[in-house]
Amino acid sequence: MASGGNLSHLQKQEQRITSSLIQGLNMLSLPTQAMYDYLVELSMANPMLEIPEPPQPDRFENILGDEGQGFTYVERGKDPGYIAERSDPQWDSEEDFDPYYSRGADFEAESLMGSLKLQLSMCRLSPEEKAIGLEIIGNLDDSGYFTGNLNTICLLYCQSLETGKKVLSTIQGFQPRGIGAKDVYEALCLQVEDSFEHAELARRIIREDLRAICDGGATRCAAKYGVSKDTIFRVFDYIRSLEPRPGNCDVRAPQTNYIVPDIIVIKSGDELLAYISGEGDNPLRVNEYYLELLNQPQLNAEEKLYLRTSLNAAKALIHSVDIRRQTLHRAALTLIALQGDFFRFGPDRLRPLTMQQMAEEMGVNVSTVSRVVQDKYVSTPWGMYPMKAFFVRALKSTDEGVVSAEAAKRRIEELIAAEDPEKPLTDDEICERLNREGCRLSRRTVSKYRQAAGIPGNVKRRQKRS
């Protein structure tokens, strides 16, 4: 060529993610119940897909025995499949079985608002005053505080402000005590019974020195109010028994959330058995009617193309479900191998574990483990656990072994539970004891773990009264 250019051949490889692979990855991250809902949605758009009904509860039997937390039920005659953990209630009559019969019909009377309205209807008030009372009850927030404008309510019914204050005072005498208060100070004062021997002192402390109860200001309060420390401690204990948010006693409709475990681990003697929810049966199958229809000569080319495309999509989805099940089964076996002591001996034997370690054991990428773990639950002989709970950070140890963060948290709770109530352990003392036992933690970490467990500091835990 005149230009003197050279032709060259460049060979390279590209990795492309197909739509079926993306679908499989998305399904891997879905928990069992969410995946079933997802498959139902896909089956409605694809005529070649057919999804059978899930097993009914009356076809289940107990497979965990007395060692399990509650009961786990599995379809008879198959591998453990659709799992639903629940308690085993004994229904003696239809009234006990029907939740609406026992609670729903009378729920309005049992709720906080219903109870207040019932108490209001029993008061000797004029129709206008009862109307104001209903408005006040309607302006209570979730904590039971009155958040409305009393003057506006009185103007609405052409009544004086004194009438509104009278009605509000009447409602504040209802049960639970403290309802209708404007803030936490008034709510606590309304709950102080006149029969309490130090009632006025309790109200003064609530209004002026409520923070001293948390800050350990007993000595200062004793000097300020001219009483003994024993009296101050009794008043402090009494105030602690009051409810700062009276609306918390509201009776709400019971909500039951059932968890369908993705992995079931059963201890049979010294052997650990792992099952995957739905392992015995693929939740999807090809619709036989449309499969036969595909071979009918009366179909035109467009209709046959649509059915063939739907059939290929259905087969790819069924294959993805099988891959998901196989991956979950490998993950379950790997988890048993790495956390066998937990399944055999209990939560105290949980070992430090990372997703990278599990990925290396399974021979997959760590992103696959992340998808497997996401929103999944494991039914164990010790109860139901999120799969993420098995991945705990390792802490430094003075010996050759390692200690998990979960074990350190449990040890902190044990030390606090066994402490002298009159001389509770400080975070520094807990830190020193852990270091002597071979668990190297800083005081700041001990404080963080203690607060995460909802345990107050040593000053608030002190029970000595002197």
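Q: Why are α10 and α11 called roughly antiparallel?
A: In this predicted model, the axes of helix α10 (residues 184–191) and helix α11 (residues 199–208) cross at roughly 175 degrees and come within 9 Å. Angles over 145 degrees count as roughly antiparallel, under 35 as roughly parallel, 65 to 115 as roughly perpendicular and the rest as oblique, so α10 and α11 are roughly antiparallel. Axes here are lines fitted to C-alpha atoms, for helices over the stretch in contact, with angles from 0 to 180 degrees between N-to-C directions. Helices are DSSP runs (H or I, at least four residues), and strands are E runs of at least two, numbered from the N terminus.

Q: Which residues make the contact of α10 and α11?
A: Y185, L188 and C189 of α10 and R203, I206 and R207 of α11 make the contact (heavy atoms within 4.5 Å). By class, there are four nonpolar, no polar and two charged residues. Ala, Val, Leu, Ile, Met, Phe, Trp, Tyr, Cys and Pro count as nonpolar, Asp, Glu, Lys and Arg as charged, and the others, Gly among them, as polar.

Q: What makes α13 roughly perpendicular to α14?
A: The axes of α13 (residues 218–225) and α14 (residues 229–240) come within 9 Å and cross at roughly 110 degrees. That angle makes α13 roughly perpendicular to α14. A218, T219, C221 and A222 in α13 meet K229, I232, F233 and F236 in α14.

Q: How do you know how α16 lies relative to α18?
A: Their axes cross at roughly 115 degrees and come within 10 Å, with α16 spanning residues 301–338 and α18 residues 355–362. That makes α16 roughly perpendicular to α18. T327, R330, A331, T334, L335 and L338 in α16 meet M358, E361 and M362 in α18.

Q: Why is the aromatic pair of F342 and F390 called edge-to-face?
A: Rings of Phe, Tyr and Trp (its six-membered ring) pair if their centres lie within 6.5 Å; planes under 30 degrees apart count as stacked, over 60 as edge-to-face and the rest as tilted. The count comes to seven aromatic pairs. F342 and F390 are 5.0 Å centre to centre with 85 degrees between the planes, hence edge-to-face.

Q: How confident is the predictor?
A: The mean pLDDT (confidence in each residue, from 0 to 100) of the chain is 78. Over residues 55–109, pLDDT stays under 50. Local features need pLDDT of at least 70, side-chain atom pairs count only at pLDDT 80 or more, and totals for chains, interfaces and linings use all residues. Residues are numbered from 1 along each chain as its sequence is written, and side-chain values use heavy atoms, leaving out hydrogens and water.
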